Amino acid sequence: MALSASLQLRQSQSLVMTPQLMQSIRLLQFSHIELNRFIEQEAERNPLLELVTPESEANSDGANGEGNDPSRDHASQESKPDTSYPEGGESADGVWAPSSETSTERLNEEIDGRYENVFPDDHGVERSSAPEFVDNWKSMPGNDRGQGGEGYDLDDFAARAPTLRDHVAEQIAFTFADPVERLVATDIADQLDAAGYIAGDLAETVERLSIDQAKLQHVLERLQEFEPAGLFARSLSECLALQLDRKNRLDPAMAALVSNLELLARRDFATLKRLCGVDEEDLLDMLAEIRALDPKPGTRFETGSSELIVPDVSVKPGADGGWVVELNPETLPRVLVNQSYFANVSGKMAKNTPGQEFLSECMQTANWLVRSLDQRARTITKVASEIVRQQDAFLLHGVDHLRPLNLKAVADAIGMHESTVSRVTSNKYMITPRGVFELKYFFTVSIASAEAGGDAHSAESVRHRIKALIDEELPSSVLSDDDLVTLLKQSGVEIARRTVAKYREAMSIPSSVQRRREKRARARAAGV
């Protein structure tokens, strides 16, 4: 067989992961905060990208209004007589000169240069007129709440709530008269964490401040007398002991209980009764007292604002009985490509220059980003619409009717890959008539039905049923895991006992024996 060279033409398709394609995939899993941060960084690097914000739209609308028309202002100024310099004229060199009829007394009267009545009484002043500074505040640019006096929010003028540091600093100022002790107390106060515990090492404080250990211990004991009780503790046991000592309840039995909190966490009541030297009834009373204490006394001074969840998708009932799925416009960044700037600058540059190449690359990147954002919005809408279609019963009747759903079912329905659906549902939230839920919430595993041919049940709905059954139980008839399995089978849920125990522990619900003890203790404490 002879070997010879030949030319052949083949056509094939392949997916190449370019940097832009990888970035488009990353945009899908970004939350709206991460997306805005990424777009701001791109706008700083790309001069052709422009971000449209509500503030810029308001300013542009106001600039086009009738009140800000420069021609109208100029015409109104020309129509008014010039009263800036009464009784005077203007010389040839542009300097104003008073006329011969103007005297010193007249000038003082015109420019209000008299001093005999600088602060006149308010007799004769109309009380109904608003103060001038309020009018000026309302007329400030950008203060839209001052228009017409509507939208006035008194919370803007509310005093700031004291922080833990402010609360402690005030008590230190009234407690310590010695400058050295006050310095040590301030240093220890700086080591407090948000819960009110000492987060630093006091041994390092002794070395850093060059003081005696006895002096530090004396200051610490006085700090632990501050309100609320439990501040400046070095452990949970010490925090609870300080609160019990303030109530005069730190007896030897309670001290032994506080010193063995790890046994309480494991609910080893038999060992606790032996260490404390009490019976079961006294131990339950002691546990009730421990439960009434505050393990984190410093958190009551937290003033940080909580982060509100801004939903990416809103679901509302439609007029035709269905559901209307819309994207939240507040989470959609508006990006524009400045075509005029590109045409103006590129037209003044020579071809094949570094500047021209930079502008071309910026234009390509900007167009890609706009297309990627549009594709991201359409993909989120498509995935959310399919989730709403699958979970229609949940939106109508609640969590008991949540259907089992996985990524593959949604991906097959909309013709996408499972990884794409997984990225879309990450860090995205949906507001529904039932509340705000993460998109991942609607994907749960399936639990078989106890009836032949029955529909499967969602694991989330089963957990909700278990919690509802436990909440309704009485102290005299506490449900065990076997009882829960029986009740669930009667309602059509085929589930194993170990699965019930796993779901119960995941919801931090103790066993039936522990619940029975706690319910009886609460019943005795309530006098029932």
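Here are some questions and answers about this predicted model.

Q: Why is α7 called roughly antiparallel to α8?
A: Helix α7 (residues 164–175) and helix α8 (residues 179–189) pack at an angle of about 165°. Angles over 145 degrees count as roughly antiparallel, so α7 is given that label relative to α8. The axes of the two helices are 10 Å apart, and α7 passes α8 in a right-handed crossing.

Q: Which residues make the contact between α7 and α8?
A: On the α7 side they are Val168, Ile172 and Ala173. From α8 come Arg182, Ala185, Thr186 and Ala189. Sorted by type, the residues of this contact are five nonpolar, one polar and one charged.

Q: What makes Glu42 and Arg45 a salt bridge?
A: Their closest N and O atoms are 2.5 Å apart. The cut-off is within 4 Å, so the pair qualifies. Both residues sit in helix α2 (residues 32–45), three residues apart, which means they are separated by about one helical turn.

Q: Glu42 and Arg45: why is the one called buried and the other exposed?
A: Glu42 has 11% relative accessibility, and buried means under 20%, so Glu42 counts as buried. Arg45 has 52%, and exposed means over 50%, so Arg45 counts as exposed.

Q: How do you know that Lys215 and Glu181 meet in a salt bridge?
A: The N to O distance between their side chains is 3.7 Å, and the limit is within 4 Å, so the pair counts as a salt bridge. This pair links distant parts of the chain, with Lys215 in helix α10 (residues 213–223) and Glu181 in helix α8, 34 residues apart. Glu181, at 11% relative accessibility, counts as buried, while Lys215, at 28%, counts as partly exposed.

Q: What do the side chains of Glu227 and Arg246 form, and why does the pair tie together separate parts of the sequence?
A: They meet in a salt bridge of 2.9 Å, N to O. Glu227 lies in the loop between α10 and α11 (236–246) and Arg246 lies in helix α11, so the pair ties together parts 19 residues apart in sequence.

Q: Which residues do salt bridges with shared partners join into one network?
A: They are Glu181, Lys215 and Arg222. The whole structure holds 19 salt bridges.

How values were computed. Residues are numbered from 1 along each chain as its sequence is written. This is a predicted model: local features need pLDDT of at least 70, side-chain atom pairs count only at pLDDT 80 or more; totals for chains, interfaces and linings use all residues. Side-chain values use heavy atoms; hydrogens and water are left out. Axes are lines fitted to C-alpha atoms, for helices over the stretch in contact, and angles run from 0 to 180 degrees between N-to-C directions. Helices (H or I, at least four residues) and strands (E, at least two) are DSSP runs, numbered from the N terminus. Angles under 35 degrees count as roughly parallel, over 145 as roughly antiparallel, 65 to 115 as roughly perpendicular and the rest as oblique. A crossing is left-handed if the near helix is turned anticlockwise from the far one by less than a right angle, and right-handed if clockwise. Contact means heavy atoms within 4.5 Å. Ala, Val, Leu, Ile, Met, Phe, Trp, Tyr, Cys and Pro count as nonpolar, Asp, Glu, Lys and Arg as charged, and the others, Gly among them, as polar. Buried means under 20% relative accessible area, exposed over 50%, partly exposed in between (1.4 Å probe, protein chains only).
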